Number of protein chains: 2
Amino acid sequence: MKILALSLFLGCSVQVSAQEDANNVIKAIYTEALGEQQGYKWLHYMCTAIGPRPSGSEAANQAARYTKQMMLEAGADTAWLQPVEVPKWYRGTEWSKAYAGGDSVSLPTTALGGSVPTPKEGLKAEVVEVGSFEELEVLGKDGVEGKIVFYNTYMDHSLISTFNAYGGAVKYRWAGAMEAGKLGAVATVMRSVTLLRDDLPHTGAMSYGDSEVKIPTAAVSWQAADRLNQMLEGGTVELELFLDCGVQGTATNYNMIADFKGSKKPDEIMLVGGHIDSWDLGQGAQDDGAGCVHAMQVPNLMKKVGYKNNRTVRVVLWANEEFGLDGAKEYARWAKSEGVYHWVAMESDAGGDVPRGFGISANDTLLEQVRTFKELLSPYGLHVFAQGGGGADLGPLRGHDDFFIGYRPESQRYFDFHHSARDNINAIHPRSLEMGAASMGALFYLLDNLD
Amino acid sequence: MKILALSLFLGCSVQVSAQEDANNVIKAIYTEALGEQQGYKWLHYMCTAIGPRPSGSEAANQAARYTKQMMLEAGADTAWLQPVEVPKWYRGTEWSKAYAGGDSVSLPTTALGGSVPTPKEGLKAEVVEVGSFEELEVLGKDGVEGKIVFYNTYMDHSLISTFNAYGGAVKYRWAGAMEAGKLGAVATVMRSVTLLRDDLPHTGAMSYGDSEVKIPTAAVSWQAADRLNQMLEGGTVELELFLDCGVQGTATNYNMIADFKGSKKPDEIMLVGGHIDSWDLGQGAQDDGAGCVHAMQVPNLMKKVGYKNNRTVRVVLWANEEFGLDGAKEYARWAKSEGVYHWVAMESDAGGDVPRGFGISANDTLLEQVRTFKELLSPYGLHVFAQGGGGADLGPLRGHDDFFIGYRPESQRYFDFHHSARDNINAIHPRSLEMGAASMGALFYLLDNLD
């Protein structure tokens with residue numbers, strides 16, 4: 001550890017002792033997290049007693065009230081709920097069936113979030129497969145009109161960061177229906193955006209953009225996509241699709257905001273957050289219940305180990321990240337109007353697996369200072385201190401503030417669960433989750449001791 | 001990457017190009033592993049078609065024949081089975097029941113490996129709880145005689161390496177019955193050696209040492225240990241224990257040995273291995289099916305990406321690690337008698353989770369050379385290049401050879417599965433498993449290009 005950062009710790013004049021103190025506080029934070037597993041207990045309640053928390057749901061509001069209460073019990077000085085108007089989209093019955101040469105096969109199917117429904121009697125049409133937008137364009141109107149476009153598109157398995165692989169595949173989920181609709185397709189289905197070769201479909205947000213043509217759109221499971229692909233190799237395939245879903249106006253959800261006042265610099269806010277909403281198929285354990293309890297653990301762990309924060313630690317659990325970032329936009333609007341100064345803002349929205357490190361958006365001096373923490377944190381598995389980071393919910397604060405951090409857990413398993421029925425409490429490994437909470441707590445402790 | 005190591009790659013004279021070549025080969029190794037997932041396919045067969053492979057079982061022999069065949073199909077120049085005489089221990093019916101104040105509670109229970117059985121009618125005695133050998137000693141003969149000793153002992157949750165936590169707790173499994181037997185106890189039960197707070201018991205090897213007193217010994221689940229502890233807080237508790245188990249002579253198992261001959265230095269052996277046997281409660285997926293397929297993937301991945309090894313890559317899958325290391329001892333005896341030169345020997349026996357790095361036992365020069373690989377391997381999550389490493393099955397080679405490597409995956413989940421019914425194919429995450437195989441393959445590729 002560099003002398004510069006060392007000398008800032010805890011006002012100690014002897015550097016060895018300062019490093020020892022820091023080591024002891026960090027060790028205590030991990031020990032508390034791994035012993036009590038308070039984050040896992042909160043998450044267990046959110047997943048099993050409250051359940052899925054889609055945008056506009058009463059469950060999202062229950063979770064906001066529950067987490068506010070938990071933060072007050074953990075010693076928050078204030079905690080309140082900030083109302084946010086959010087769209088409400090519902091999912092009813094949904095299924096699809098492929099027909100070829102007299103045989104029929106049911107495919108695990110789920111509507112993408114935002115899709116219009118099929119007609120009440122469903123729809124049935126010939127399937128045409130594409131592997132990319134380029135292939136769609138080559139087919140053109142002649143090849144697509146009146147048909148169901150099947151996006152047999154993949155996350156790139158060769159990419160080590162599964163978030164990078166997600167980035168390359170999710171465009172077909174987002175814009176697949178819009179592009180196929182322009183060419184006269186009657187519906188689209190896609191291979192689920194996942195790396196697990198299983199039989200569960202994964203949902204997620206889609207958009208029609210400004211297009212007036214709105215066609216129903218769904219994901220089928222990895223294995224169903226394989227089956228459909230094999231059937232198509234044998235000749236013509238028809239698909240029957242039934243989706244009962246659609247927008248049902250708006251509703252009020254809430255951002256949960258809890259402050260643990262700083263003793264020396266109460267007006268310098270250290271924000272830490274996750275998003276409270278989830279998709280409806282699972283319990284939102286990984287996405288983003290894990291991030292919520294990570295954030296809640298940061299001030300709780302500080303309190304439990306007897307550390308008094310200099311700056312104010314603020315926990316924000318945002319409403320409706322998945323379906324439009326409404327909570328993040330409303331929080332940023334309010335913060336700007338009130339002149340809130342976020343000295344740092346950290347988000348956890350990459351799941352609850354074991355820690356790898358952090359992505360950091362900061363000026364060079366600050367980035368270097370954070371990197372000096374590596375020596376203290378590497379015994380806990382933290383080795384990534386990458387430039388650039390944050391998360392979707394921090395986006396609306398950019399420009400206003402300038403120091404952002406995104407927690408980076410191991411990413412290999414994340415898209416196994418993501419937006420599917422598999423994202424329930426069983427997707428969570430308690431120790432790994434708590435290692436993340438402690439890592440974020442330890443980093444905030446170190447940051448709180450920087451000038 | 002240092003110039004020293006660089007200039008050794010592939011005979012290239014231009015250093016940038018050598019690093020690019022190395023990068024390309026490594027990338028190809030990971031892409032092949034993550035795409036084809038051949039290691040997972042092999043493991044799936046070993047777990048589901050063959051199943052548990054305890055010492056002395058016919059299943060262990062089936063697995064030896066299967067893996068030999070797979071290695072030949074992968075292009076091994078030779079593959080053979082080396083007979084090893086191993087002890088055979090069997091497990092029959094087993095259960096326990098705690099009685100207090102008229103109530104009775106069944107406890108998930110499993111005999112420790114090597115335990116003698118209870119009498120045919122079972123046994124029933126008062127329970128006395130201890131938290132350590134020190135507490136046992138304080139109780140002494142007066143406090144223990146005629147009773148069942150309950151080791152309410154824990155892995156230390158505050159340790160980040162769960163293997164370190166295991167090291168501190170496993171002594172009660174190994175020697176608990178021996179120590180309690182000396183003081184006249186009639187049996188022992190212990191809290192399972194795990195960090196997952198669940199309801200499955202975990203077995204593992206125990207020993208009576210030279211003691212003539214042999215008392216039955218079992219593990220109960222974490223939650224059962226909690227229940228027993230709570231009952232004891234209310235007063236006297238009796239435990240009824242029934243264990244049908246015991247040694248059934250010996251049997252012949254096999255080490256599987258497959259050579260992929262080196263083109264330039266065929267007599268310099270690069271050994272890579274895992275152990276083929278498992279405990280009987282699960283399918284031995286993590287312990288150590290994962291290590292077996294990791295080892296098998298190393299030469300397979302080299303072949304698949306078109307790399308020709310200079311040295312001979314030898315895969316060894318040892319018989320009976322769990323119950324006496326017989327396979328490792330026999331292999332080492334044979335290798336020494338034949339004058340085999342192991343230039344390096346690497347083992348994978350820490351499960352199939354995502355890679356963290358390697359533990360390396362080597363002279364300082366070699367250790368530094370291996371550490372120069374960090375730059376090439378860190379994009380794949382490898383950041384631990386620790387001094388000291390190997391594994392139990394490499395032990396008998398020490399003294400004879402002097403360059404050992406142990407693969408170190410993430411350890412947080414390992415003891416959730418370890419030696420329990422949970423250690424089945426569902427414990428394996430395919431991508432994480434393959435990341436390990438590719439990491440070992442990439443390291444062997446880099447080593448093969450060192451002089």
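A: Start with the two domains of chain A: the C-alpha centres of domain 1 and domain 2 of chain A lie 35 Å apart. This is a predicted model, in which local features need pLDDT of at least 70 and side-chain atom pairs count only at pLDDT 80 or more, while totals for chains, interfaces and linings use all residues. Residues are numbered from 1 along each chain as its sequence is written, and chains are lettered from A, with ligands numbered from 1, in the order in which they are written.

Domain 1 of chain A takes in 3-77 + 261-448, and domain 2 of chain A spans 89-248. These bounds come from an automatic or database domain assignment.

Now the place where they touch. Domain 1 of chain A brings 17 residues to the contact, and domain 2 of chain A brings 18 residues. Two residues are in contact if their C-beta atoms, placed from the backbone, lie within 7 Å. On the domain 1 side, seven residues are nonpolar, six polar and four charged. Here Ala, Val, Leu, Ile, Met, Phe, Trp, Tyr, Cys and Pro count as nonpolar; Asp, Glu, Lys and Arg are charged; the others, Gly among them, are polar.

The largest nonpolar core has 133 residues. Such a core is a set of buried Ala, Val, Leu, Ile, Met, Phe, Trp, Tyr and Cys residues joined through C-beta atoms within 7 Å. Buried means 20 or more other C-beta atoms within 10 Å of a residue's own C-beta, which is placed from the backbone. Helix 13 (residues 430-448) of chain A supplies the largest share of this core, eleven residues. Helices are DSSP runs (H or I, at least four residues), numbered from the N terminus. Both domain 1 and domain 2 of chain A give residues to this core, so it lies between them.

Which members touch the most other members? They are A:Leu43, A:Ile148, A:Val149, A:Leu228 and A:Val272. Take A:Leu228. Beyond its neighbours within four places in sequence, A:Leu228 is in contact with A:Ala98, A:Leu107, A:Val127, A:Phe150, A:Val220 and A:Val237.

Chain A puts 20 residues in contact with 20 residues of chain B. Helix 2 (15-36) and helix 13 of chain A are the elements that give two or more residues to this side of chain A. Helix 2 of chain A gives the largest share, four residues. By class, this side of chain A has eight nonpolar, nine polar and three charged residues.

Notes: A residue is buried if 20 or more other C-beta atoms lie within 10 Å of its own, exposed if 12 or fewer, and partly exposed in between; C-beta atoms are placed from the backbone.
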